[in-house]
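Hi everyone, thanks for coming. Let me put today's protein on the screen, and then we can walk through it together.

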Amino acid sequence: MAEAQTALYLDDPKLVAEVRQTVMESLWAQSWLIMGKASAGDDLPVLNEPEGALSKKHKHRSAHPKPQRRERGLTVSQMATEASLWTAKGPDKTTLYRLLEAHGWLKRAPFGRGQSRWFVSDEAVKEGYGQTVDPSNLHSIKLSGGRRSFPFPVFYEDKVKDVVWTLGWDIILKAVDAMEGKKARLAWLMDHHSYLPNKTIADLSGVNVRTVERAKA
């Protein structure tokens, strides 16, 4: 039980206990039916789980690495507005999301029914750079469903500068400033950073958004 509650520390410990008990009772009942010791509808012995009764082959193995730390970290919005992280004007939130995705820090994945959300990549979680958290600290997609769980990515404060350094935002700004002419700036951005939002490319190159849309088309 302690291991389950530690692994699911973002969920209500009581809910974890209830779910685990339900699962264990179901497995207990199935084992008696499979072994022929009881028939459907019979009263089964009360589950009295001994220490270590759940074998390794039945232990749940998460498809995603567990967060290595419990502090919450900085959200992408906080990173975008934190002036100390940027030597020049930092990117807006939407642009920062695209930068983080392009450099492997974030991924967008299906979440719930007909939804998709940003998650810290498995590699970043495994290496201890950040995690995906639920602000209520009560729900997860597995236990509460997509409607009650609202996860978002965060990066640990002592790792944020390392993450930002890899994005090369300052290099992009310097390269654009060194170019003469809107066409040259647009062409360079389309060749090297077409993943950026249309508005960001338009602002950096000096053209309008429609021109960027035509260039991408």
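Let's start with helix α10: its buried residues pack against α4 (93-102), α8 (169-177), α9 (182-192) and α11 (209-216). Which residues of α10 are buried? In this helix, residues 198-205, they are Thr200, Ile201, Ala202, Leu204 and Ser205. Buried here means under 20% relative accessible area, while exposed means over 50% and partly exposed lies in between, with a 1.4 Å probe and protein chains only. After α10 comes Gly206, with a positive phi near 95°.

A quick word on the source: this is a predicted model, where local features need pLDDT of at least 70, side-chain atom pairs count only at pLDDT 80 or more, and totals for chains, interfaces and linings use all residues. Residues are numbered from 1 along each chain as its sequence is written, and side-chain values use heavy atoms, leaving out hydrogens and water.

Stepping back, the protein chain has 11 helices and five strands. These are DSSP runs numbered from the N terminus: helices are H or I with at least four residues, strands are E with at least two. Of the 217 residues in the chain, 33% are buried.

Now look at strand β5, residues 152-155. Phe152 and Val154 point one way, Pro153 and Phe155 the other, and all are buried. In a regular strand, side chains alternate between the two faces of the sheet.

β5 pairs in the antiparallel sense with β4 (residues 130-133) over four bridges; pairing requires at least two DSSP bridges between the strands. There, Gln131 has Val154 as its bridge partner. β1 (residues 74-75) also pairs with β5 in the antiparallel sense, over two bridges, and Leu74 stands opposite Phe155.

Technical notes: Contact = heavy atoms within 4.5 Å.
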